[in-house]
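I am opening a notebook page on this protein and will write down, entry by entry, what I looked up and what came back.

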Amino acid sequence: MSEIAQQTTGLRNAATAVVHESYSFACMRCGHGWEQSYEIEHHIDGDGREFVMYVADGQVVPSPLSRPTCQNCDNHVVRIMRAGQVSSVQNSLHPQRPIPRQAKPESAAEADHHWHLSDLLHVFHRKAS
């Protein structure tokens with residue numbers, strides 16, 4: 001084990017308090033969303049000053065509030081939200097009820113059709129009188 005890893009382990013064992021926090025993140029560039037839980041360990045250094053260490057999945061990480069990075073595109077334009085925001089949206093997009101299977105297309109032309117957003121929105125267009 002490296003010297004730095006040993007020092008970090010020693011610090012983690014000396015925490016005066018540990019707080020658990022969870023956040024939701026959404027990248028404003030690519031739209032990727034994720035959630036992460038952290039253990040925020042409060043410590044006191046040799047001069048008596050307080051500092052905190054953020055731990056995620058057993059690893060010391062930078063504060064997620066400083067400059068979060070998208071896990072998908074490495075961009076730093078990331079919105080931080082309260083925990084549960086991403087999972088609630090994902091759950092609403094993926095209903096728990098089974099989806100009925102559709103019948104196979106009757107012709108090859110139907111099988112090769114690629115749907116576009118305009119195909120779905122045509123029902124909302126007003127007809128000219």
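**Entry 1: a leucine in a loop**

I began with L65, which I found in the loop between β4 and β5 (78-82), where helices (H or I, at least four residues) and strands (E, at least two) are DSSP runs numbered from the N terminus. What I am reading is a predicted model, in which local features need pLDDT of at least 70 and side-chain atom pairs count only at pLDDT 80 or more, while totals for chains, interfaces and linings use all residues. Residues are numbered from 1 along each chain as its sequence is written, and side-chain values use heavy atoms, with hydrogens and water left out.

Leaving aside neighbours within four places in sequence, I listed Y23, Y54 and I80 as the contacts of L65, a contact being heavy atoms within 4.5 Å. For L65 and I80 I also noted the separation, which is 15 residues in sequence and 7.7 Å in space from C-alpha to C-alpha.

**Entry 2: the overall layout**

I counted four helices and five strands, and from the N terminus on the elements run α-β-β-β-β-β-α-α-α. Of the 129 residues, 17% are buried. The accessible surface comes to about 10600 Å², with 52% of it belonging to carbon and sulfur atoms; these areas come from the Shrake-Rupley method with a 1.4 Å probe, and for residues only the protein chains shown count as cover. Among contacts between residues at least 6 apart in sequence, 48% join residues at least 24 apart.

I followed the pairing next, where two strands pair if DSSP finds at least two bridges between them. β2 and β3 run antiparallel and are joined by six bridges, one of the pairs being I44 with E50 in β3. These two strands form a hairpin with five residues between them, and G48 in the turn has a positive phi of about 85°. β3 also pairs with β4 (residues 59-61) in the antiparallel sense, over three bridges, and Y54 stands opposite V61 in β4. The hairpin of β3 and β4 has two residues between its strands, with D57 in the turn at a positive phi of about 55°.

I looked separately at Q36, which is found in strand β2 and counts as buried at 15% relative accessibility. Not counting residues up to four places away in sequence, Q36 touches E21, S22, Y23, F25, A56 and D57.

**Entry 3: the core and the cysteines**

Which residues make up the largest nonpolar core? I found ten, namely Y23, F25, C27, W34, Y38, I40, Y54, A56, C70 and V78, with a nonpolar core taken as a set of buried Ala, Val, Leu, Ile, Met, Phe, Trp, Tyr and Cys residues joined through side-chain atoms within 4.5 Å. The elements that give two or more residues to this core are β1 (17-27), β2 (33-44) and β3 (50-56). Beyond residues up to four places away in sequence, C70 touches C27, C30, H32, W34, N75 and V78.

I searched the whole structure for disulfides and found zero, a disulfide being a pair of cysteine sulfur atoms within 2.5 Å. The closest cysteine sulfur to that of C30 is in C70, but at 3.7 Å it is too far for a bond. The sulfur of C73 likewise has its closest cysteine sulfur in C27, at 3.6 Å, which is too far for a bond. C30 is partly exposed at 35% relative accessibility, and C73 is partly exposed with a relative accessible area of 22%.

**Entry 4: charged pairs**

How many salt bridges does the structure hold? I found two, counting a side-chain nitrogen of Lys or Arg within 4 Å of a carboxyl oxygen of Asp or Glu. R49 forms one with D45, the closest N and O atoms being 3.3 Å apart, and the side chains of R49 and D47 meet in a salt bridge at 3.0 Å, N to O. R49 is exposed with a relative accessible area of 51%, whereas D45 counts as partly exposed at 25%.

How values were computed
Buried means under 20% relative accessible area, exposed over 50%, partly exposed in between (1.4 Å probe, protein chains only).
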